[in-house]
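Morning, everyone. I'll take you through one structure. Please have a look at it first.

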Amino acid sequence: MSYEFLSQLGLDSVVSNGQYASVYSADTATAGTAAGFEVTSPNTGEVIARFKDASSEQLESVTQTAVSAFEEFKSLPAPLRGELVRRIGNLAREHKEALAAVITLESGKIVQEALGEVQEWIDVCDFAVGLSRQLHGLSIVSERPGHRMMEQWLPLGPVAVISAFNFPMAVWSWNAMLGFVCGDPIVWKPSEKSPLAALACQSIVNMALETMPEIPRGISQVVVGGRELGQAICEDKRYPLVSATGSTAMGRKVAATVGARLGRSLLELGGNNAMIVSPTADLDLAQRAIVFSAVGTCGQRCTSLRRVIAHESIVEDLTARLLKSYPSLRIGHPAEQGTLVGPLIDEGSFKQMQASIEAAKAQGGEVLYGGDRFTDSVPEGGFYVRPAIVRIAHDAPIVHEETFAPILYILTYNTLEEAIAINNEVPQGLSSAIFTESMREAETFVSAVGSDCGIANVNIGTSGAEIGGAFGGEKDTGGGRESGSDAWRNYMRRTTNTINYGGALPLAQGIVFE
Ligand code: UN1
């Protein structure tokens, strides 16, 4: 199958014998020898690409390349590394439509959201370029005469990035663009459901590297494969940091494996995000925010809204509004103009959605809308669904699980304390929101006694975070923070330096040793 946007991104040359490269970098595009797999488009169920898993020998050579690239890369001035990222950002701008088309084809995102994802990458480039001149440490006073202390942030080493299908470019870009300015080579293992997106990103990096011969070419590599490949990366001491995005179950394995060798992991795992809608809320705004957060990306964002916690006095009104807007959402092929809800990623995901709906019913839930397969003028091979609205008790066990599909649970509350307790009672802790016109409620929600999530919003939805803030969450979400704010520190090592510029050798804590 050939697509114009794939040739625009240089991916034609990355295919040999009908198979895409298992290892792709500025210098290599090789297919593996191990077992193979097919990538299907969720839009139609058609096979769009064939890959072979990277072999352990290939991974070894990738790791060695990253290690030697680090030796050179770490000594370059950070603003020069920033210049590379600036060029990557400009190329992503130039090829924005083609990159978005890859996301739509492979991950089933509607065009607007796919463009938005590429924009996240572009934005994080701009952010990282600025950072490349601001990787600053502290200067600290010393207790000893003639001494000074300071703190520096230095490049860490090769960073492994393991990413999921639902943000097949943005999540890598948060890690890689910051990693690059921090002086770290990146080895990326994308989801087996979205390896084409990774090859497209690598092509863009290659184009930028082409214009800067002073940058070592081994700083960016993609390795394609499954669980064993991920496991081998996690076990390898030469990756001081593994940044992984995906399910909580996957994150536990990564944390245990990387932790056993005392490496660091940066985890961005499942969410079970809630929105409290207070009696004072602007229901027009709340309704719009709920619809975007709950059905955007067909409910397959880690920040997707899964639980609405509505006050008893407005729950009927709010539910009626949602029941009115849900049927008008255009479900269809994500490349078609006007589509708002594309397909689920695959049949497995559809089955999980069905199982969760059955569990919800068995646990006393009432399906008020949707939840079934949608087959009206959509390609047969895709798993299109009508987003579900389910009224259920807040403590039904299924409500405490993350189902990666558009199921919205409607829960009720009476007092704000109760609503906050419901927000916090699930194991996950990624994103949360409150809709209220009351300053007291809003401030309580974002305070120490409020939401326990990494993201707590007021009068906006749970999804669609900007790159400028630190992104991530607590508890089963894994505790990592990526993207904006001071997340760059994850990609560097801190050194504390005490400098004696006096002529004596006083010891700290007043110790006399003579
Ligand atoms: C994810 O689903 O893994 O806040 C990331 C958002 C996006 C990122 C989601 N900016 O919804």
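The protein splits into domain 1 (4–269 + 478–494) and domain 2 (273–468). Those bounds come from an automatic or database domain assignment. This is a predicted model, where local features need pLDDT of at least 70, side-chain atom pairs count only at pLDDT 80 or more, and totals for chains, interfaces and linings use all residues. Residues are numbered from 1 along each chain as its sequence is written, and side-chain values use heavy atoms, with hydrogens and water left out.

Back to the domains. Their C-alpha centres lie 30 Å apart. Domain 1 puts 27 residues into the contact, and domain 2 puts in 28 residues. Contact means heavy atoms within 4.5 Å.

Now the ligand. Where does it lie relative to domain 1 and domain 2? Both domains give residues to the shell around the ligand, so it lies between them. Among the surrounding residues are E120, F167, W174, R301, C302 and F471. A residue counts as near if one of its heavy atoms lies within 4 Å. The shell divides into five nonpolar, four polar and three charged residues. Here Ala, Val, Leu, Ile, Met, Phe, Trp, Tyr, Cys and Pro are nonpolar, Asp, Glu, Lys and Arg are charged, and the others, Gly among them, are polar.

Next, polar contacts, meaning pairs of N or O atoms within 3.5 Å. A backbone N or O atom of A465 sits 2.7 Å from a ligand oxygen. For a polar side-chain atom of N166, the distance to a ligand oxygen is 3.1 Å. For a side-chain N or O atom of E268, it is 3.4 Å. Taken alone, the ligand exposes 330 Å², and the protein buries 99% of that. Those areas come from the Shrake-Rupley method with a 1.4 Å probe.

Last, W121. This residue touches I88, A92, L99, M169, W172, S173, M177, C201 and I204, leaving out residues up to four places away in sequence.

Technical notes. Polar contact = N/O pair within 3.5 Å; in protein donor to acceptor, adjacent residues only side chain to side chain.
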